[in-house]
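This report goes through a few local features of the model shown below.

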Amino acid sequence: MPLAAGAALAVGAGQAEAAPRPVSGAPHAHPHAPRLETVATFDGAMPTGVTVSRGGRVFVNFPRWGDDVPFTVAEIRHGKPVAYPDREVNTPDTTAPERHFLGVQSVVVDAADRLWVVDTGRVEWADAPYGGPKLVAVDLATDKVVRTIVFPASVAGPRSFVNDVRFDLVHGFAYLTDATPDGPNGLIVVNLATGESWRRLDDAPSTLPVPGFVPTIDGRPMLNRPDGTSAGTPIGIGVDGIALSPDGEWLYYCPLSSRRLYGVRTRDLIRLRKTAIQVHDLGVKGMSDGLETDRAGRVYAGDIERKAIVRRDTDGSYHTLVQDERLSWPDTFSIGYDHKLYVVANQLNRQAAYNGGTDLRRKPYVLYRLPIGSGPARR
């Protein structure tokens, strides 16, 4: 019963947003809170994504947002990032965008132990050329690119920002989020057999940022404030985090500029004919970037404002798994076959664009993991 205690809302219905929660009103703490273990540190570019293979290989990515990014996808080897699968693929060559990684936002290993790369196609927020927004599969046995699925402009255009992905190899579909600040925000569905793709829930209340949403992080409001003279404006980022239930029946997602979790039945997303989609409001979890599910059907999310990781159990209750000052912007999650949850803490809110032009990030950025007693929900 992964959606127990969830309230259904019709597409197009209004949306209420809870006020920031004090710690006393947060999901209650797990009685045996696990400890964070450092997996790797990063002294160069800021990472966003992480994923772990069946054999324990760890991969990360670095978006091209303005940092010096010599390669946008890497494997962690001996504690250090190394270009993956090679330097050539990681060269941001916009003259052959379908053959190069331009601006990768996430990396995900599927149940067949292939690494999939989600490329926004955008370098430092420039428009993406056709062939830039794509999904790329790398065979981990040979370390070679084996498939590229390019999104048509009608699915992911020049201003789209494909953000994260989950795979259902049993039914043959992939699901992505488009978190572009320029709209529309929505979900993308890919038929893995044919490569055909389409959009769902574009600019629905559950995929849009909450109007006027201003989180409090590091004790102050987070706003778009690129220079010292600006008063700042709310950051409106739509559907971002995504996760799939172990049986493939439910897709979970959340806007970044929100504190709520939503769920939809995947059978409603994969229909080629557009029909009404019932969205289930699964309550307040905190402001989250990434999401993940384990084999037991539990959903993991960041609570960025509280520097915490929360878990939604199958009865609909939320629990604080760990709260730690080191979790400065818990971004992407991945669950390894070692029954540990991996998370990147990258201080995203401390970038210059949100702090009057002053970069407040302090290296190193860190990849952590913590035991959760369950494996990944890959299928």
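A salt bridge here is a side-chain nitrogen of Lys or Arg within 4 Å of a carboxyl oxygen of Asp or Glu. By that rule the structure holds 27 salt bridges. This is a predicted model, in which local features need pLDDT of at least 70 and side-chain atom pairs count only at pLDDT 80 or more, while totals for chains, interfaces and linings use all residues. Residues are numbered from 1 along each chain as its sequence is written, and side-chain values use heavy atoms, with hydrogens and water left out.

**Salt bridges**

| Pair | Closest N and O atoms | Separation in sequence |
| Arg259 and Glu305 | 2.7 Å | 46 residues |

Strands (E, at least two residues) and helices (H or I, at least four) are DSSP runs, numbered from the N terminus. Glu37 is partly exposed, at 31%.

Is the pair Arg259 and Glu305 buried or exposed? Both residues are buried. Their salt bridge ties together parts that are 46 residues apart in sequence, because Arg259 lies in the loop between β19 (250-255) and β20 (260-265) and Glu305 in the loop between β23 (299-303) and β24 (308-312).

Shared partners also matter to the description: through them, salt bridges join Glu37, Asp338, Lys340 and Arg369 into one network.

**The nonpolar core**

A nonpolar core is a set of buried Ala, Val, Leu, Ile, Met, Phe, Trp, Tyr and Cys residues joined through side-chain atoms within 4.5 Å. The largest one has 31 residues, and those touching the most other members are Phe42, Val60, Phe62, Trp329 and Leu367. At least two core residues come from each of β3, β4 (49-52), β5 (58-61), β6 (73-77), β27 (340-345) and β28.

Which residues does Leu367 touch? Counting contact as heavy atoms within 4.5 Å, and leaving out residues up to four places away in sequence, its partners include Glu37, Val39, Phe42, Val60 and Tyr342.

**Backbone details**

Most residues other than glycine have a negative phi, and most peptide bonds are trans. A cis peptide bond joins Tyr84 and Pro85, with omega about -5 degrees, and Pro85 is found in the loop between β7 (80-83) and β8 (104-109). The bond from Gly183 to Pro184 is cis as well, with omega near -5 degrees; Pro184 lies in the loop between β13 and β14.

His78 has a positive phi, near 55 degrees. His78 is placed in the loop between β6 and β7 and is exposed, with a relative accessible area of 85%. Glu124, which is not a glycine, has a positive phi of about 50 degrees and lies in the loop between β9 (114-119) and β10 (134-139).

Definitions and conventions. Buried means under 20% relative accessible area, exposed over 50%, partly exposed in between (1.4 Å probe, protein chains only).
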